[in-house]
Amino acid sequence: MIKGFIFDLDGVITDTAESHYKAWKKLSDDMGWNFDHEVNDKLRGISRMDSIQVILDHNNTTLDEKTLATLATKKNDIYVTSLETMTPDDYLPGAKELLTHLRTEGFSVALGSASKNAIKVLQQLNASGYFDVIGDGNSVSKSKPEPDIFLYGAEKLNLQPEECIVFEDAESGIDAAKAGGFHSVGIGPKDRVGHADLRFDTMAEATLFEIKSYFKDLF
């Protein structure tokens, strides 16, 4: 039986993708690196340090660990500043409605995000009250596609993976859900999250009715 839901944050609850892109773009421009939306797509769902490594690889560049950490912090400072303009109006369509329904029906809900700024984003959205557990980039050492962040959320909810449905918009996130033994819902195009158990183009389509209809044997 499904008792819990675990949500990624960026691209599922809200869309901070453009803010991340602008922050990485500014850092890359400052460093003289090539960076565009195609490279940015490869950063979806992975950690900050893994992201900067992708950018370095794209530019055939290597840096020492100390410099990497300094640049990652610089990017984060740019990004965090942009979060100040986020408001409770910045949920993705359908996300707040789904979270509200889950609360009404008594399901357990966790966040499973690679972001180390997840708490700040939830505060800006006034969304903290929807979550029983916050799993973020500070909670586990191994990021997606490893399943650790989702296993962390399930454990804190006192649930088994098979009792939870994971919502993800990244290929690495669906990979992580599958690796951990979770049921999965992909949000986005088929070529990115088509390997999820169930896929929707947008969160607006991912209503609790549709979820229950598909996983009807588990409710």
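**Walking through the model**

Q: Which helix does Glu210 lie in?
A: First, the ground rules: this is a predicted model, where local features need pLDDT of at least 70 and side-chain atom pairs count only at pLDDT 80 or more, while totals for chains, interfaces and linings use all residues. Residues are numbered from 1 along each chain as its sequence is written, and side-chain values use heavy atoms, with hydrogens and water left out. Helices (H or I, at least four residues) and strands (E, at least two) are DSSP runs, numbered from the N terminus. The run that holds Glu210 covers residues 208-214, and that is helix H10.

Q: Is Glu210 buried, partly exposed or exposed?
A: Buried means under 20% relative accessible area, exposed means over 50%, and partly exposed is in between (1.4 Å probe, protein chains only). Glu210 comes in at 36% relative accessibility, so the label is partly exposed.

Q: How far is the C-alpha atom of Glu210 from that of Phe200?
A: Contact means heavy atoms within 4.5 Å, and with neighbours within four places in sequence left aside, Glu210 touches Leu198, Phe200 and Glu205. Phe200 sits 10 residues away along the chain, and the two C-alpha atoms are separated by 9.9 Å.

Q: What radius of gyration does the protein chain have?
A: The radius is taken over C-alpha atoms, and the globule rule is 2.2 Å times the number of residues to the power 0.38. For 219 residues, a compact globule would be near 17 Å. The C-alpha trace spans about 55 × 35 × 30 Å along its principal axes. The chain agrees with the globule value because its radius of gyration is 17 Å.

Q: What percentage of contacts between residues at least 6 apart in sequence join residues at least 24 apart?
A: As for burial, 48% of the 219 residues count as buried. For the contacts in question, the share that joins residues at least 24 apart is 60%.

Q: Is Ser172 buried or exposed?
A: Ser172 has its place in helix H8 (residues 171-180). Beyond neighbours within four places in sequence, Ser172 is in contact with Arg44, Gly45, Ile46, Lys144 and Pro145. Its relative accessible area is 11%, so Ser172 is buried.

Q: Which elements do the buried residues of H8 pack against?
A: The buried residues of H8 are Ser172, Gly173, Ile174, Ala176, Ala177 and Gly180. After H8 comes Gly181, with a positive phi near 85 degrees. The packing partners of the buried set are helix H7 (148-156), S4, strand S5 (183-187) and helix H9 (190-193).

Q: Which two residues does a cis peptide bond join?
A: Most residues other than glycine have a negative phi, and most peptide bonds are trans. Omega is about 20 degrees for the bond that joins Lys144 and Pro145.

Q: What is the phi of Asn158?
A: Asn158 is in the loop between H7 and S4. At 70% relative accessibility, Asn158 counts as exposed. Its phi is positive although the residue is not glycine, with a value near 60 degrees.

Q: How many degrees lie between the ring planes of Phe5 and Phe167?
A: Rings of Phe, Tyr and Trp (its six-membered ring) pair if their centres lie within 6.5 Å; planes under 30 degrees apart count as stacked, over 60 as edge-to-face and the rest as tilted. By this rule there are 8 aromatic pairs. Phe5 and Phe167 form a tilted pair, 6.2 Å centre to centre, with a plane angle of 40 degrees.

Q: How many residues apart are Phe5 and Phe167?
A: Both residues are buried, Phe5 at 0% relative accessibility and Phe167 with a relative accessible area of 0%. Phe5, Phe7, Phe107, Phe167 and Phe219 form one aromatic cluster. The pair links distant parts of the chain, with Phe5 in strand S1 (residues 4-7), Phe167 in strand S4 (residues 164-168), and a separation of 162 residues.

Q: How far apart in space are Asp50 and Ser143, C-alpha to C-alpha?
A: Asp50 lies in helix H3 (residues 48-58) and is partly exposed, at 36% relative accessible area. Asp50 and Ser143 are 93 residues apart in sequence, while their C-alpha distance is 8.9 Å.
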